[in-house]
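Please look over the sequence and the structure shown here before reading on.

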Amino acid sequence: MKSVWKLFFLGVLISLASCTMTSNEKESQNQEKFIIHRGLNTSHWLSQTEIRGEEREQYMQERDFKNIADLGYDHVRIPIDEEQMWDEQGNKHEDAFKLLHQAIKWAFENDLRVIVDLHVLRSHHFNYDNDQLWEDPAAQAKFWNFWEQLSAELSEYPNHMLAYELMNEAVAEDSEDWNKLIARGIETIRKNEPHRTIVVGSNKWQMVYTFPELKIPENDNNLMLSFHFYEPFIITHYKTWWNPLFPFEGELHYPGYTIDTAEYALWEGDVLGMLKAQNGDYSREVFKKKINM
């Protein structure tokens, strides 16, 4: 595969129903649950990349979705960025939306469910300091309008096959700012799609420790709560080019201590400091305690 895949969610697949259904059957299908076990991101395709034109068109093909299904995954998460899908005036880039629809079609043909994830905004990036989304009412209104457009564009797809993720890894100084954005975002989608599953994460990179600060609407049975978990970081981000530990090429271990402390003698400075800071004794029980904190 051409992308760097990341594990994301867990679920079970129900095959796409026939398009020739009665109105009662369609209503029944609309209320089927979006259930998933494990899947992959279509990374660096409609998000976090400068590729455009023919190169972008060829980057993901039907065979890629078939490969994902053949590997035993049951869904794909498709991150999309504002700059890929809309110009600065908020007009849709039709070529990008065409690719999104094609990807959804290929996923369904391979019995894969889909999460459409609004990943990066011009007013918000999870890795860069940018408070515009939290401070500028116009940026917030644009965010809600994006979801109004996406809902109108994608509402034709069955609820049990496609879900929306409001935004990837919110990073607000005050979690209440994220909670307010969530509430209006969900309200925007619900006007058009009362049964669509909406994926919501907590503030500060969707980490588990901010879950107590997350507020969601009551009595909405079509919400899926998401968290991201990167520990042990030296394993999950091994050899990523932007990682300060990129030079480290030693053996990694699981379960147990991720790095043999004998490795310390081979390093110095910042790399040594980070190796010591990120080394730890990891096991299934350790993960359970951290996730259920």
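## A residue, a chain and its helices

Q58, with a relative accessibility of 39%, counts as partly exposed, a class that lies between buried (under 20% relative accessible area) and exposed (over 50%), judged with a 1.4 Å probe and protein chains only. This residue lies in helix α2, where helices are DSSP runs of H or I with at least four residues, strands are runs of E with at least two, and numbering starts from the N terminus. The C-alpha atoms of Q58 and W45, which are 13 residues apart along the chain, are separated by 9.9 Å.

The model is a predicted one, in which local features need pLDDT of at least 70 and side-chain atom pairs count only at pLDDT 80 or more, while totals for chains, interfaces and linings use all residues. Residues are numbered from 1 along each chain as its sequence is written, and side-chain values use heavy atoms, with hydrogens and water left out.

The chain has 12 helices and 8 strands, and 48% of its 293 residues are buried. Its exposed surface comes to about 15,300 Å², of which carbon and sulfur atoms supply 51%, the areas being computed by the Shrake-Rupley method with a 1.4 Å probe. Of the contacts (heavy atoms within 4.5 Å) between residues at least 6 apart in sequence, 73% join residues at least 24 apart.

S43 is found in the loop between β1 (39–41) and α2 (53–59), and with a relative accessible area of 4% it is buried. Between the C-alpha atoms of S43 and M60, 17 residues apart along the chain, the separation is 9.9 Å.

In helix α3 (residues 62–70), the buried residues are D64, F65 and I68. Seen down the axis of α3, these residues fall within an arc of 95 degrees, so they line one face of the helix; the arc is taken from the directions from the helix axis to the C-beta atoms. R63 and D70 are exposed on the other side of α3, whereas the cover over its buried residues includes β1, α2, β2 (75–81) and α5. Just after α3, G72 takes a positive phi of about 100 degrees.

Helix α11 (residues 269–278) has V271, L272, L275 and Q278 as its buried residues. Viewed down the axis of α11, they fall within an arc of 145 degrees, so they line one face of that helix. They pack against α10 (233–236), while the face turned away from the buried side of α11 carries the exposed residues G269, D270 and A277.

Two helix pairs are set out below, with axes that are lines fitted to C-alpha atoms over the stretch in contact and angles that run from 0 to 180 degrees between N-to-C directions.

| Helix pair | Axes come within | Crossing angle |
|---|---|---|
| α5 (94–109) and α7 (137–154) | 12 Å | roughly 50 degrees |
| α7 and α8 (175–190) | 9 Å | roughly 30 degrees |

The angle makes α5 oblique to α7, whereas α7 and α8 are roughly parallel to each other; angles under 35 degrees count as roughly parallel, over 145 as roughly antiparallel, 65 to 115 as roughly perpendicular and the rest as oblique. α7 passes α8 in a right-handed crossing, meaning that the near helix is turned clockwise from the far one by less than a right angle. The contact between α7 and α8 involves residues including F143, W144 and W147 of α7 and L181, R184 and I189 of α8.
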